[in-house]
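Here is a friendly set of notes to read alongside the structure. Take the points in order, with the model open beside you.

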Amino acid sequence: MVDARGGFAALDSCVHCGFCLQACPTFLSTGDEADSPRGRIELMRALERGELAPDDPFLATHLDRCLGCRGCEPVCPSGVGYGRGLEAARELIARTRPLPRLARAALSAFTTPGLSNVVYALGRVLRATGIPGWLAGWGPLRFAMGMLAATRPVRNAKFGVRNRTGAVDSALRTPHSALTPVSLFRGCIMDGFFAHVHEATIRTLVVNGFEVREVPGQVCCGALHMHAGLPGEAQVLARRNVAAFGTGDEPIVVNSAGCGAAMKEYGHLLDGDFTPWGARFASRVHDITELLAERGPVPGAPVDVRVAYDPPCHLLHAQRIADAPLQLFGAIPVLQLISTPDAAQCCGSAGLFTLVQPEMSRAVLGPKLASLREAAPQIVATGNPGCLMQLGAGLAAAGFSARVRHPVELLDESYRAAGYYE
């Protein structure tokens, strides 16, 4: 066992049945057994036993190609903890092989306090010019521009500002004494490029009887670091978040699937004196759709739009949340929710994967875009920043007119049309 999160021991129940093969996007793209969960488990076991060195190029090639989407886990009849085994293997590899420069640069730029503030500010300035949308396409730079363009909010003269809970009509608000307090996790990329989703999250929660509290001192969740084989750096961030949110019982609401999945693993990530606090913190973490579904979202006004819901892997596979987002859409009259055959497959974003494995990332994205072309939605909805950016860039590069939106933005629009906001 490599670390306190279970590591290689989580792979012990694999019986090589092959149920995972058709759930693996990279195997479906290459047809190579070494690019399947079953094949990678054999590679990881060889690494654990010392039969393969951490710097073995064959090992690195096939583990690097793994998206870490964990689509193999729900279909596994033996309950293999593939995700934890993968993180343990990447930790061993990272000890002998430095992260690619691009991955390390992206980690620093997106998650380092101070530096990330500058990066996000410059990104928002560039985004506001409209240039990224004009340049969007398939080349590396053009795809990156498309990703940035996909973060641009749909502006509204009345609600396109950080109005927070004050935007909800005071005549319609739940009495303060009856409000359920929740704390908002802002994260790094979500706060840097998707602050408008936070605003929508706050407004919709207030309409549904929650009081949203801001928590100073919180930092990046550490998900990108865990996926990169850097659990030590992730632990530092996790400890800061546990300290920032304190020991209360109020739910911690998250609108990023990747962040939510990582934070629900804090009980495994943290060790020593922080283990019980990490587990308690993890038990408080809820996706925004979970909270709204538990309450039964207040119905809004009709929004006449065709929506294809593309569930984020770390919501559907890691957190096993499937029905809650559908209940959110169900609170929006007239909205037409359409399905695509490969909606449960990864879009190819996978954190830094789209940057360091662009060819495989686009290969995984391709079938999804083909399905969306046939379904012809007006909106593609998904609840994770990387997925929003990946799908948005892919749609733009393919010449589709569909926009990407977070599900809570659509509910917010419905509430606005219903007159819940001043």
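1. Let's begin with Glu33, which is partly exposed, with a relative accessible area of 32%. On this scale buried means under 20% relative accessible area, exposed means over 50%, and partly exposed lies in between, all with a 1.4 Å probe and protein chains only. The side chain of Glu33 meets that of Arg38 in a salt bridge of 2.7 Å, N to O. Arg38 counts as partly exposed too, at 21% relative accessibility. A salt bridge here is a side-chain nitrogen of Lys or Arg within 4 Å of a carboxyl oxygen of Asp or Glu, and by this rule the count comes to 21.

2. Before going further, please keep in mind that this is a predicted model: local features need pLDDT of at least 70 and side-chain atom pairs count only at pLDDT 80 or more, while totals for chains, interfaces and linings use all residues. Residues are numbered from 1 along each chain as its sequence is written, and side-chain values use heavy atoms, with hydrogens and water left out.

3. Another salt bridge to look at is the one in which the side chains of Arg65 and Asp35 meet (2.8 Å, N to O). Arg65 sits in the loop between H3 and H4, and Asp35 in the loop between helix H1 (25-30) and helix H2 (37-49), so the pair ties together parts that are 30 residues apart in sequence. Helices (H or I, at least four residues) and strands (E, at least two) are DSSP runs, numbered from the N terminus.

4. Now have a look at Cys66, in the loop between helix H3 (57-64) and helix H4 (72-75). Cys66 counts as buried, since its relative accessibility is 6%. Which residues is Cys66 in contact with, leaving aside its neighbours within four places in sequence? They are Arg40, Tyr82, Leu86, Arg90 and Phe353, where contact means heavy atoms within 4.5 Å. Pro25 is 41 residues from Cys66 in sequence, and their C-alpha atoms are 8.9 Å apart in space.

5. Helix H17 (residues 288-295) is largely enclosed by the rest of the structure, because six of its eight residues are buried. Among them are Ile288, Glu290 and Leu292. Just after H17, Gly296 takes a positive phi of about 85°.

6. On the surface, Leu126, Ile131, Trp134 and Leu135 form a nonpolar patch with about 400 Å² of accessible area together. Patches are made of residues with over 30% relative accessible area and no salt bridge, with like charges joined within 9 Å and nonpolar side chains (Val, Leu, Ile, Met, Phe, Trp, Tyr) within 5 Å. Accessible areas come from the Shrake-Rupley method with a 1.4 Å probe, and for residues only the protein chains shown count as cover. Helix H8 (residues 131-135) gives the largest share of the patch, three residues. Ile131, which lies in H8, counts as partly exposed at 33% relative accessibility.

7. Finally, step back to the whole chain, which has 23 helices and eight strands. Of its 422 residues, 57% count as buried. The C-alpha trace spans about 70 × 50 × 40 Å along its principal axes. The accessible surface comes to about 16900 Å², of which 56% belongs to carbon and sulfur atoms.
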